[in-house]
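Subject: Structure handover

Hello,

Here is the structure I said I would pass on. My notes on it follow below.

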Amino acid sequence: MKHVRRALVVFINILIILIVVIFGIKGLGEEVYPAIADKLFGVEGIYGTSGEQKEIIKKPVHAEGREYCSKCHEEIYRKSDQGKHNFDCQTCHGAASDHPKMRLKVDSSREFCLGCHKATIGRDNETIRVLHNWENHGKDRVCTACHDPHHPWFD
Amino acid sequence: MTTTVVEGFVYPNHEVFWGVLIVIYPYFVSIITGMVTVYAIAEFWRKELKDIEKLVVISSLPFVLSALLPLLLDLGQPQRAFEIYLTPNFSSVMAVFGIVYLTELFTLLGEMWFLFRVDIVRMAQTESNKLLRLLYRILTLGVYDISEKAIKLDKKIIKILTGIELIAAWCLSYVSFLFGVVKSNPWWNTTILPVSFVFGGLAAGGAMVLLLYLAFTRAYGIERKPNIISTVANYAFYFMLAAFALETINTILYAYKEDIAWAVIKLASTELAVPLAIQVIGSLEALLFLKYVCYRCNLGKIDTPFIAIASVTILVVVFAMRWNMVIGAQLIDYSLRGFVSYTPPLWGREGLIAALGVLVAPFIMLPVVAYIFPPYERKLRAGL
């Protein structure tokens with residue numbers, strides 16, 4: 001009898017420690033321990049979302065259309081409108097948010113351009129200009145050295 | 001990841017994310033399921049297996065503990081492997097593993113304690129090594145009561161714990177088909193899969209028990225009993241038969257229904273030809289040997305090499321089954337019109353060397369556990 005009772009006490013103590021650890025870490029918040037369940041024993045919450053995604057969700061995103069950009073950058077707007085690079089400015093420049101106050105950054109590395117223009121299975125020349133010899137084409141130079149990013153074709 | 005396109009149309013983002021370590025994970029879990037089931041059979045039905053009760057319990061602990069290793073190595077951030085246990089949640093299939101695993105671990109530890117309690121009390125009084133004696137003294141929890149009544153109560157509690165443990169162990173084996181089902185390829189996305197995997201696991205556990213019985217009887221100088229071997233081998237035979245039949249039916253069905261999965265047949269004949277051959281030939285060989293072992297044991301003769309070969313074959317076959325499911329499911333593209341190949345790297349976190357280390361880990365832990373909780377009388381070993 002006595003030994004069963006003692007064993008139960010040990011087990012319950014372990015259980016209590018486990019529960020305290022669970023709630024303790026939960027109490028520290030998502031910054032300390034990301035991807036922790038938002039609701040125990042319930043389906044609600046964003047469990048399964050990574051810490052990075054949660055960080056992004058917290059940030060206010062303020063997006064604008066092409067017309068917003070054209071108010072000041074009229075020249076660039078018209079230039080890009082002539083070719084196939086006439087998609088949203090934010091695709092490369094990032095969300096507008098408080099743009100005039102805040103400077104926008106653009107990644108001008110080769111890898112950034114190749115993100116769309118690299119030859120991959122399922123990507124054909126009909127849809128997008130695929131660079132088959134991307135390893136040698138303009139080797140060791142950034143794409144913008146020759147190509148104007150807003151109108152990459154040579155007339 | 002080392003993935004190269006082999007044939008057909010493959011979507012650009014297709015990659016083999018789960019490597020050889022994720023094959024070992026359901027493999028270990030299967031062995032645990034099988035060993036716990038053998039223990040439950042001994043506890044509830046077959047009284048002649050009482051002899052190997054302690055052996056099965058102490059040897060399932062290392063497997064339960066090392067089932068964590070593949071996850072630890074597979075995940076990029078090590079603390080994520082432990083988050084499973086600290087974030088009990090039902091919204092994710094994988095998160096349920098934490099709850100089931102902890103249930104399994106605690107029932108196993110409780111079972112071990114109640115099963116070895118008399119030994120612990122005895123050793124706490126007689127052990128000459130001071131450190132060990134202190135350990136045993138702590139483990140007695142200060143109660144030295146080994147009266148008839150207390151032992152009877154222990155046995156009752158062991159029965160309850162075994163029941164819970166059995167359910168937990170069978171639930172654990174869901175992770176083995178989780179990896180096939182999540183990919184949702186028609187090959188493994190079938191209702192037959194859970195059943196087939198539980199049976200495969202039961203066979204592997206039985207084989208592991210047979211091998212460990214051979215090893216422990218040799219190490220402790222105990223006489224082997226033919227009826228124990230014959231009973232376990234018989235169970236392993238029928239479990240293996242069921243697993244083999246179900247898996248083969250499944251594969252043949254998809255190879256026959258060519259319209260659904262062209263890639264399945266192509267894969268079966270090229271990329272997965274070797275593991276599939278191991279699965280089929282090995283299963284037949286193991287079945288044959290097991291039945292022969294049963295037959296010989298019923299005559300009162302023990303053919304150690306045959307038992308060892310049959311057990312090792314089953315373990316290899318079940319590993320090949322897990323490989324076909326985890327890796328095979330990932331090789332087929334969602335388009336069902338193409339597949340990729342997978343060759344595990346030798347070095348690295350997910351390489352073959354790491355996988356080998358994980359596979360050997362329970363056998364490194366086992367002597368330590370067996371030293372603290374000897375399944376048989378220690379004196380006999382000294383005499384050997």
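Contact, as used here, means heavy atoms within 4.5 Å. Leaving aside neighbours within four places in sequence, I52(B) is in contact with V38(B), V209(B), Y213(B), I228(B), V232(B) and Y376(B).

Some conventions before going on. This is a predicted model, where local features need pLDDT of at least 70 and side-chain atom pairs count only at pLDDT 80 or more, while totals for chains, interfaces and linings use all residues. Residues are numbered from 1 along each chain as its sequence is written, chains are lettered from A and ligands numbered from 1 in the order in which they are written, and side-chain values use heavy atoms, with hydrogens and water left out.

The core

I52(B) is also among the residues with the most contacts inside the largest nonpolar core, along with F97(B), Y101(B), F216(B) and I314(B). That core has 122 residues. A nonpolar core is a set of buried Ala, Val, Leu, Ile, Met, Phe, Trp, Tyr and Cys residues joined through side-chain atoms within 4.5 Å; buried means under 20% relative accessible area, with a 1.4 Å probe and protein chains only. Helix α1 (residues 20-44) of chain B gives the largest share of this core, 18 residues. Helices are DSSP runs of H or I, at least four residues, numbered from the N terminus.

The cavities

The whole structure has two cavities of 30 Å³ or more. A cavity is a set of points, on a 1 Å grid over the protein atoms alone, where a 1.4 Å probe fits but cannot get out; lining residues have an atom within 4 Å of a point. A volume is the space filled by probe spheres set on the points.

The largest cavity holds about 40 Å³ of space. Its lining includes V38(B) and V232(B), and α10(B) supplies the largest share, four residues. By class, this lining has eight nonpolar, one polar and no charged residues. Asp, Glu, Lys and Arg count as charged, Ala, Val, Leu, Ile, Met, Phe, Trp, Tyr, Cys and Pro as nonpolar, and the others as polar.

The second largest cavity has a volume of about 30 Å³. Its lining divides into six nonpolar, one polar and two charged residues, with E111(B) and E165(B) among the lining residues.

A buried arginine

R117(B) sits in helix α5 (residues 93-126) of chain B. At 2% relative accessibility, R117(B) counts as buried. Leaving aside neighbours within four places in sequence, its contacts include H3(A) and V143(B).

Regards

How values were computed. Helix = DSSP H or I, 4+ residues; strand = E, 2+ residues; numbered from the N terminus. Buried < 20%, exposed > 50% of the residue type's maximum accessible area, 1.4 Å probe, protein only. 1 Å grid on protein atoms, 1.4 Å probe; cavity = no way out; pocket = protein on both sides within 12 Å on 5 of 7 lines; lining within 4 Å.
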